[in-house]
Amino acid sequence: MKVRVDPDRCQGHTLCAMAAPDVFELSDIDGHATAIDTEIPEDLEENVREAVRSCPEQAITIL
Ligand code: F3S
């Protein structure tokens, strides 16, 4: 599994980083999230799915 945040949709709600802090990083500049570019470790996949469900902007896509 890999995951991506759409920078045009992200509004900085931060719920992704709360659900999966090892996967999503919030920018100090604009508060928007980016996801790690590497394969998600299996033990974090459920946290990533939770992040996808919790994002109010539907900004997160599992690739
Ligand atoms: Fe952005 Fe959604 Fe996370 S709006 S900061 S991707 S919860």
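The model is predicted, and its protein chain has an average pLDDT of 98. The chain contains two helices and four strands, arranged along the sequence as β-α-β-β-α-β. With a radius of gyration of 10 Å, close to the 11 Å that the globule rule gives for 63 residues, the chain is as compact as a globular protein of that length. A ligand is surrounded by 14 residues.

**Confidence**

- A pLDDT of at least 70 is reached by 100% of the residues in the protein chain.
- For the complex, the predictor reports a pTM of 0.94 and an ipTM of 0.98.

**Overall form of the chain**

- Taken along the principal axes, the box filled by the C-alpha atoms is roughly 30 × 20 × 20 Å.
- Of the 63 residues in the chain, 25% are buried.
- Among contacts between residues at least 6 apart in sequence, 66% join residues at least 24 apart.

**The nonpolar core**

- The largest nonpolar core has 16 residues.
- Within this core, the residues that touch the most other members are Cys 16, Ala 20, Val 23, Phe 24, Ala 51 and Ile 60.
- Two or more core residues come from each of the strands β1 (3-5) and β3 (33-35) and the helices α1 (15-19) and α2 (45-54).
- Ala 20 touches Leu 44, Asn 47, Val 48 and Ala 51, when residues up to four places away in sequence are not counted.

**The ligand shell**

- Among the 14 residues around the ligand, the closest are Cys 10, Leu 15, Cys 16, Ala 33 and Cys 55.
- The shell is made up of eight nonpolar residues, five polar residues and one charged residue.
- Cys 16 is listed among the closest residues to the ligand, and Cys 16 is also one of the core residues that touch the most other members.

- Most residues other than glycine have a negative phi.
- Thr 14, a residue other than glycine, has a positive phi near 75 degrees.
- Thr 14 sits in the loop between β1 and α1, and it counts as partly exposed because it has 15 C-beta neighbours inside 10 Å.
- Gln 58 also has a positive phi, of about 50 degrees, and is not a glycine.
- Gln 58 belongs to the loop between α2 and β4 (60-62), and it is exposed because 10 other C-beta atoms lie within 10 Å, where 12 or fewer is the cut-off.

**Other residues in the loop between α2 and β4**

- Ala 59 is part of this loop, and it counts as buried because it has 21 C-beta neighbours inside 10 Å, where the cut-off is 20 or more.
- Ala 59 and Val 5 are 54 residues apart along the chain, yet their C-alpha atoms are separated by 5.5 Å.
- Leaving out residues up to four places away in sequence, Ala 59 touches Val 5, Asp 6, Arg 9 and Cys 10.
- One of these partners, Cys 10, is also among the closest residues to the ligand.
- Pro 56 lies in this loop too, and with 9 C-beta neighbours inside 10 Å it counts as exposed.
- Pro 56 and Leu 44 are 12 residues apart along the chain, and 20 Å separates their C-alpha atoms.

**Ser 54 in helix α2**

- Ser 54 is in helix α2, and it is partly exposed, with 15 other C-beta atoms within 10 Å.
- Beyond its neighbours within four places in sequence, Ser 54 is in contact with Leu 15, Cys 16 and Ala 19.
- Two of these contacts, Leu 15 and Cys 16, are listed among the closest residues to the ligand.
- Ser 54 and Met 18 are 36 residues apart in sequence, with a C-alpha to C-alpha distance of 9.8 Å.

**Ser 27 between β2 and β3**

- Ser 27 is placed in the loop between β2 (24-26) and β3.
- Ser 27 is exposed, with 12 other C-beta atoms within 10 Å.
- Ser 27 and Gly 12 are 15 residues apart along the chain, and their C-alpha atoms are separated by 8.9 Å.

Notes
Residues numbered from 1 in each chain as written. Predicted model: local features only at pLDDT ≥ 70, side-chain atom pairs only at ≥ 80, totals over all residues. Near = placed C-beta within 6 Å. Nonpolar A, V, L, I, M, F, W, Y, C, P; charged D, E, K, R; others polar. Core = buried A, V, L, I, M, F, W, Y, C linked by C-beta atoms within 7 Å. Contact = placed C-beta atoms within 7 Å. Rg over C-alpha atoms; globule rule 2.2 N^0.38 Å. pLDDT = per-residue confidence, 0-100.
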